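Let's take a friendly look at a protein model together. Please have the sequence and the 3D view open as you read.

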Amino acid sequence: MSEYREEEFDFVDAEREQVKAQVAIIGPSGSGKTVGALKMAYGLTGDWSKIGIADTEHDRSKVYVGTTHTGGEVIGKFKHMRIVPPYTPDKFSTVLRKAAAAGIETLIFDSFSHEWEGQGGITDWANELGGEFRHWKQPKMAHKVLIDEIMHAPMNVIVTIRTKQEYVVVPGGGQNGKSSVEKLGMKPVQSGDIDYEFLVAFTVDMNNAAIATKDNTGLYKGMNDLITEDHGRMLKEWLSEGKEVATVEDQKSAEEKIRLEYVKKFTDMRNSSPAFQKFFTTYEIKLGNLALKNWSLQQLESMQPFYVHLLNELQ
């Protein structure tokens, strides 16, 4: 029987503490996971020299230095470490310790899939032991230790995880009673419950659009967009400053309210004179016959200077 001290069971007042972020970005190859991780990291940290990438992808992350890639701010010079096989959990633990010693504030594992299915990773380890169910116990225990270290790391940790198409053979499911192969969908190349371990988990598609499939913060509800620096800044405020942070859904609602106000103002002006009627009709045609009521907020805002100029002329 394990021993314990009575004082371990005392209740104390709960207070909000400064905590670190654990973020997973999951998606197929080419979906923008690395760039999304860099942008999220910069939003969290605000200093490229305090961001570190532990790179298992043949130094691929370096190609983004000095670029904007998907837009936004220029990606600066971050700290880089190459990880080579074998991709053991202990090697990833060593990287965590090295990052802490180097003063890294946000560490990115790109890609964390190698710890599970790369050369010398968890799957290889279990197969070397015999590949049966009982042989997974020791490798999975080492994986759990690593996950616990990530959850308690003295820095923000972002991991990128690849997905792959999974198939199943259905006996007798095809024509003439033959077996058929059916798609089960995209599966993370990691442990089956990996996304539940993280504070926030994003799934990204080939258009680089991310949705939050796990979100303990509630910040990213309704998100279906590129991951930007602002998403990292939102998380930083939520984590460390205790502020009430507007969620992505709240921000979209606020933007839609502004958009509708523009639509109403421009529609009223359009109906007020033939000059305005011609002005807005011309721009509807330029925008591919897109009706004024369907213009985006950006398109409406871009019309403001021309609208003001025409208004001054009419006066």
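How many salt bridges does the structure hold? The structure holds 12 salt bridges, where a salt bridge is a side-chain nitrogen of Lys or Arg within 4 Å of a carboxyl oxygen of Asp or Glu.

## About the model

This is a predicted model, in which local features need pLDDT of at least 70 and side-chain atom pairs count only at pLDDT 80 or more, while totals for chains, interfaces and linings use all residues. Residues are numbered from 1 along each chain as its sequence is written, and side-chain values use heavy atoms, with hydrogens and water left out.

Begin with D59 and R82, which form a salt bridge whose closest N and O atoms are 2.4 Å apart. This pair links distant parts of the chain, 23 residues apart: D59 sits in the loop between β2 (51-55) and β3 (79-82), and R82 in strand β3. Helices (H or I, at least four residues) and strands (E, at least two) are DSSP runs, numbered from the N terminus. D59 is buried at 14% relative accessibility, whereas R82 is exposed at 55%. Here buried means under 20% relative accessible area, exposed over 50%, and partly exposed in between (1.4 Å probe, protein chains only).

Another salt bridge joins R233 to E73, with 2.6 Å between the closest N and O atoms. R233 belongs to helix α6 (residues 229-241) and E73 to the loop between β2 and β3, so this pair ties together parts 160 residues apart in sequence. R233 is partly exposed at 31%, and E73 is partly exposed at 29%.

E256 is partly exposed at 33%, but R259 is buried at 13%.

## Helix α8 and its two sides

Which residues of α8 are buried? They are F276, F279, F280, Y283 and E284. Seen down the axis of α8, these buried residues fall within an arc of 130 degrees, so they line one face of the helix; the arc is that of the directions from the helix axis to the C-beta atoms. On the other side of α8, P274, K278 and I285 are exposed.

Just after α8, G288 takes a positive phi of about 75 degrees.
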